Amino acid sequence: MKEIHVNEVISAVEKLCIEANCILNQDVIDALNKALGIEESSQGREVLQQLLENAEIAAKENIPICQDTGMAVLFVEVGQNLHVIGGDLTGALNEGVRRGYEKGFLRKSIVKDPFNRINTGDNTPAVIHYEIVSGDKIGITIAPKGFGSENMGALKMFKPSDGLPAVKNFIVETVDKAGPNPCPPIVVGVGLGGTMEKAAYLAKKALLRPIGESNPVEEYARLEQELLTQINHLGIGPQGFGGRTTALAVNIEVFPTHIAGLPAAVNINCHVTRHRQVVLEGRVSSCE
Amino acid sequence: MSNKMVETRKISAPLDDTTAASLRCGEKVLISGVVYTGRDAAHKKMTEALARGEGLPFDMKGQVIYFVGPAPAPPGKVIGSAGPTTSGRMDAYSPGLLANGLKGMIGKGLRSPEVIQAIRENGAVYFGAIGGAGALLASCIKEAEVIAYPELGTEAVRRLVIEDFPAIVLIDSLGQNLYETGRKEYQILG
C-alpha cells in the first residue's frame with residue numbers, strides 16, 4: 001500500500017488548470033498547421049493563421065488561449081493500492097481547481113444553480129469522473145470545457161434496427177446544425193453503446209485522444225475517417241466562413257450495449273481542444 | 001468572396017448610419033473607438049430595464065455591443081483573454097436593443113431570423129470576431145472600465161476602447177449572411 005497527501009493533489013491540479021488553459025497541445029498545433037496547408041479558402045487560411053498566432057501569444061504571455069476557460073472536467077484514475085491522506089480527494093481536486101483558476105487569472109464561469117444563475121466565484125465545482133484502476137498511482141486529466149462547443153452536443157437513443165447509417169447521419173447532422181457556433185475547426189467526440197450516460201461519458205472521453213490517433217479497432221478507425229471526410233464536405237470551414245477544414249478529427253469510443261438499444265452521443269470540442277494529464281506516485285505508507 | 005483578396009477597411013465605433021449601411025457581408029474591417037461589452041445576464045437586465053420603462057446603462061444610439069465575458073486582467077494588463085461568445089444566446093434580446101438605436105454587434109455564430117429582420121429594419125451590422133482567439137483580440141483592447149452591473153463579474157457591462165480590432169461583416173444591413181454564402185462555395189453534396 002502506498003499513500004499520497006491531498007496537498008500534493010491540490011498543487012498538481014492547480015498547475016494543470018493553468019497549463020491546460022494557456023498552452024495549446026502540440027497535436028492541435030500540428031493539426032492546424034496541416035489544415036493551413038490544405039485549406040482552399042483564403043479567409044479560412046487567414047483564420048487558421050490567427051489561431052496559431054493566438055496560441056503563440058497565449059503561451060508566451062501565460063494568458064488563456066480563450067476567455068472561456070471552461071467548466072473543469074476531471075478524469076481521475078485512482079490506483080486501488082493507493083491511500084489518500086490528509087483530507088478527502090474530491091475536496092482536494094476542487095481546491096486545486098479553485099486555486100488554479102484564481103492564480104492563473106482564468107475566468108470563473110460556473111453558476112450555482114441552472115435557474116438562479118449566481119456565479120460561484122471560484123469556478124467550482126468541477127465535474128469529476130472517477131475510475132478505480134489497479135496499481136498504486138493516481139492519474140489526473142483535466143479537460144476544461146468551453147460551452148460554445150458543449151452546447152452543440154447531442155444524444156440519441158436509436159433502435160438497433162436503425163443501424164449504422166442512421167447513426168452516421170445523426171453525427172454529421174449534429175455538426176451540420178452546429179455550423180459556426182462551436183468555433184470550427186472542431187474535434188468531434190462520439191460515444192456509441194453502453195447506456196444513455198455511458199454514451200455521453202464516452203463521447204467526452206473520446207475528446208481526450210490526441211489528434212491523429214485512431215480507434216484501435218480497424219472498422220471504427222475507418223468509420224472515423226469516413227465521418228471526418230463527410231463532415232469536411234459540409235463546407236462550414238474555419239469559423240464557419242466557408243472552407244474545407246470543419247473538423248480536425250473524429251474520435252469514436254465504443255462500449256457493449258443492451259439487446260434493445262443503440263445509444264449514440266456526440267460531444268464537440270472547439271479548436272481549443274484542451275487536456276493535460278499528470279500521474280502522481282504515492283509514497284510507501286508510514287504504517288508499513 | 002473567399003478566394004478574392006478583400007481590402008481591410010478601417011472603421012470607427014460608434015457607427016454612423018452611412019458607414020453601417022455601406023458595409024457588406026464578407027468585408028473585413030479593423031474597428032477602432034468605443035464599444036460596450038454585454039452577454040447573457042447583462043442583456044437580460046437591460047431588456048428588463050426597458051420593459052420597466054427605465055434607462056439603459058449607456059445611450060444605445062449608434063453603439064456597438066461586443067458579446068464577451070473576458071478573463072480577469074493579469075497584473076500590467078487592462079483585460080484578460082477576450083474573444084467573442086456565441087451570439088445566438090442573445091437572440092431573444094437583440095431586436096429590442098436594435099429598436100433602441102444599437103447599430104452593431106460583435107460576436108460569433110448563427111442569428112435567428114428575427115434578429116436578421118431587426119438588423120435590416122434598423123440598418124445595423126453583425127460583425128464576427130474570431131472565436132477562441134481571445135489572447136490575440138485582447139491585445140487590441142486598450143482600455144476597459146466596468147460601467148454597469150458590477151455584481152455580474154465577467155458578465156458586467158464594460159466600456160472598451162479598442163484599436164484596429166479585426167472583424168468580418170457576417171450579416172449586413174441588407175440581411176446578407178456570410179454563414180450562408182461562404183459555406184455554399186465549399187459544400188460537396190452527396
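Two residues are in contact if their C-beta atoms, placed from the backbone, lie within 7 Å. By this rule Leu15(B) touches Ala20(B), Gly62(B), Val64(B), Lys103(B) and Gly104(B), where residues up to four places away in sequence are not counted.

The structure is a predicted model, in which local features need pLDDT of at least 70, side-chain atom pairs count only at pLDDT 80 or more, and totals for chains, interfaces and linings use all residues. Residues are numbered from 1 along each chain as its sequence is written, while chains are lettered from A and ligands numbered from 1 in the order in which they are written. The model scores ipTM 0.93 and pTM 0.95. Chain B averages a pLDDT (the predictor's confidence in each residue, from 0 to 100) of 95, and 96% of its residues score at least 70.

Leu15(B) lies in the loop between strand S1 (8-13) and helix H1 (17-22) of chain B; helices (H or I, at least four residues) and strands (E, at least two) are DSSP runs, numbered from the N terminus.

In chain A, an open sheet of three strands has the order S3-S1-S11, with mixed pairing, where two strands pair if DSSP finds at least two bridges between them. Strands S3 (82-85) and S11 (283-284) of chain A stand at the edges with a single partner strand each, so one side of each has no neighbour in the sheet. Strand S1 (residues 2-5) of chain A runs parallel to S3(A), and four bridges join them; in S3(A), Ile85(A) is the bridge partner of His5(A).

| Domain of chain A | Residues |
|---|---|
| Domain 1 | 2-21 + 65-146 + 275-284 |
| Domain 2 | 148-269 |

The centres of domain 1 and domain 2 of chain A, taken over C-alpha atoms, are separated by 26 Å. Their contact takes nine residues from domain 1 of chain A and eight residues from domain 2 of chain A.

Between the chains, 41 residues of chain B are in contact with 42 residues of chain A. On the side of chain B that touches chain A, helix H5 (134-138) and helix H6 (178-184) of chain B are the elements that give two or more residues, and H6(B) gives the most, with five residues.

Note on methods:
Domain bounds come from an automatic or database domain assignment.
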